[in-house]
Amino acid sequence: MQDSNVSGARFFLVGIGGSGMMPLAMILAGRGAIVAGSDRGLDQGRVPAKFDALTALGIALHPQDGSGIVSPEQVVVASAAVEDNVADIVAATRLNCRRMSRADLNAALFNAAALPIGVAGTSGKSSVTGMIAAILYAEGRDPTVMNGAVMKDFARADRPFASALVGEGDAYVSEVDESDGSIALYAPRVAVLNNVSLDHKSLEELNRLFGDFIGKAGHAVVNADNPDAAALATTLPAARVTRFSLRGDADLVATDIEERPFAVSFTLGAHRVDLQVPGRHNVANALAAIGASVAAGVPLDRACAAIGTFTGLRRRFDLVGEAKGVAVIDDFGHNPDKIAATLDTLHAFPGRILALFQPHGYGPLKVMRGELVAMLAAKLGAQDELVLCDPVYQGGTVVREVTSADIVRDLTLAGATARHIASREAAAAHLVAVARPGDRIVVMGARDDTLSLLAADIVRALDGKDA
């Protein structure tokens, strides 16, 4: 595929319900492509509302048994996590269908846009993408947006899973993924680099990938408070970089930060910025989004005003409900930086933290073991309690060298209060049992949409606790 003209083309997306695949399906359908797909979650009956939303867009869904792949004219798209022995891939090979990865397809659409804006970094990509979307939309720029999370600003009763926008404007805004190296496929006009920290790859490899990414951009917006990102920014001509900071000595500096439980405000130059999302990390995200929007031609004063319309993302410090004086928050925290930001945001206000963490895989748990344990030992308060259930597992082959029990053992040796409860339902029941008014229960993890359902179940269980 050489350009973004996909109207009438036939696509079959394997794993169509995934956080990176679903918005891509929406964009393809919105541009007139004939889209079909399959998903293991559909076959297992997980999150049926998500698949109902895809069906409502005219997307045909099939069991993941190869039955939906019937013609060599279909372009079969799958993420790197889909193995070659999956029935759909076997059928695609038999029919000699053209194969693309999810990143191949998104990068082709992105690179063909007149104004491709790419958002990279270990943490904050989805939030910054959503903030840029809110600014450009408010400015009437009608962007196309590929996000890995549902943007509350654009969710409606008829499109509850709004992780994409399909616009007629020149901008194609997308978060780009470093975990599989596919960031190398993207050629941004405007590139954002939020931060560089350990998650899926070594810091040496991450620095190479991120450095190459911002090096290709006409203009880069870089976090000066992150040492690795700041060092990468120095490799570019000063005129091609906007640096942002919460500490000073940058092009965009946030001062007079005022935190509230579910909001935060700050001053940027002559402008007061009021965000409807909490935490100092979101101040940094907002600076990144404002910088990118200004690089895309939005006046600074209007970018500062428009970002106030951003109401957040689902599963990003998302208040699910309150019952018996206990707030329940659904959060995407899954690597050391993201979890630390969530804990810092909660610790800015009184109350115990009762955290349920479901690791997003055995492989990432092995990579980030040391940094994760050190962060949790430092960030958990004396009264807080952390429960780890077993990592998410949705099928396929996996090596289980490091488990949740290993992390809890490490934390106990470090003096932190943590326990391993294998079943997440049992882990949730434990937190409900020990919760008292003023506590905050936070459910954290990635790669599993059903965590939101678990958070809602916790609210209901709290509500009926004294019954």
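Because the model is predicted, local features need pLDDT of at least 70 and side-chain atom pairs count only at pLDDT 80 or more, while totals for chains, interfaces and linings use all residues. Residues are numbered from 1 along each chain as its sequence is written, and side-chain values use heavy atoms, with hydrogens and water left out.

**Nonpolar cores**

- A nonpolar core is a set of buried Ala, Val, Leu, Ile, Met, Phe, Trp, Tyr and Cys residues joined through side-chain atoms within 4.5 Å.
- Buried means under 20% relative accessible area, exposed means over 50%, and partly exposed lies in between (1.4 Å probe, protein chains only).
- The largest nonpolar core holds 52 residues, and Phe11, Leu13, Leu28 and Ile214 have the most contacts inside it.
- Helix H1 (residues 21-30) gives the most to this core, namely seven residues.
- Another core of 47 residues lies apart from it and includes Ile132, Ala149, Val192 and Ala288.

**Helix H11**

- Helices (H or I, at least four residues) and strands (E, at least two) are DSSP runs, numbered from the N terminus.
- The expected span of a helix is 1.5 Å times one less than its number of residues.
- Helix H11 (residues 336-347) has 12 residues and should span 16 Å at 1.5 Å a residue, which agrees with the 16 Å between its end C-alpha atoms.
- Nine of the 12 residues of H11 are buried, so the helix is largely enclosed by the rest of the structure.
- The buried residues of H11 are Pro336, Lys338, Ile339, Ala340, Ala341, Thr342, Leu343, Thr345 and Leu346.
- Their cover includes helix H9 (280-295), strand E17 (326-331), strand E18 (353-358), helix H13 (369-379) and strand E21 (440-445).

**H11 against H13**

- Axes are lines fitted to C-alpha atoms, for helices over the stretch in contact, and angles run from 0 to 180 degrees between N-to-C directions.
- The axes of H11 and H13 come within 10 Å and cross at roughly 5 degrees.
- H11 and H13 are therefore roughly parallel to each other (angles under 35 degrees count as such).
- Contact means heavy atoms within 4.5 Å.
- From H11, Pro336, Ile339, Ala340, Leu343, Asp344 and His347 meet Glu371, Leu372, Met375, Leu376 and Lys379 of H13.
- By class, this contact has seven nonpolar, one polar and three charged residues.
- In these classes, Ala, Val, Leu, Ile, Met, Phe, Trp, Tyr, Cys and Pro are nonpolar, Asp, Glu, Lys and Arg are charged, and the others, Gly among them, are polar.

**Helix H16**

- Helix H16 (residues 450-463) has 14 residues and reaches 20 Å from its first C-alpha to its last, close to the 20 Å expected at 1.5 Å a residue.
- Thr450, Leu451, Leu454, Ala455, Ile458, Val459 and Leu462 are buried in H16.
- Strand E16 (318-323), E17, E18, helix H15 (424-434) and E21 are among the elements that cover these residues.

**Three loop residues**

- Val70 is in the loop between strand E3 (60-62) and strand E4 (75-78), and is exposed, with a relative accessible area of 54%.
- Val70 touches Arg10 and Leu95, not counting residues up to four places away in sequence.
- Most residues other than glycine have a negative phi.
- Arg315, in the loop between helix H10 (300-306) and E16, has a positive phi near 70 degrees and counts as buried at 8% relative accessibility.
- Lys324, in the loop between E16 and E17, has a positive phi of about 55 degrees and counts as partly exposed at 36% relative accessibility.

Notes: Angles under 35 degrees count as roughly parallel, over 145 as roughly antiparallel, 65 to 115 as roughly perpendicular and the rest as oblique.
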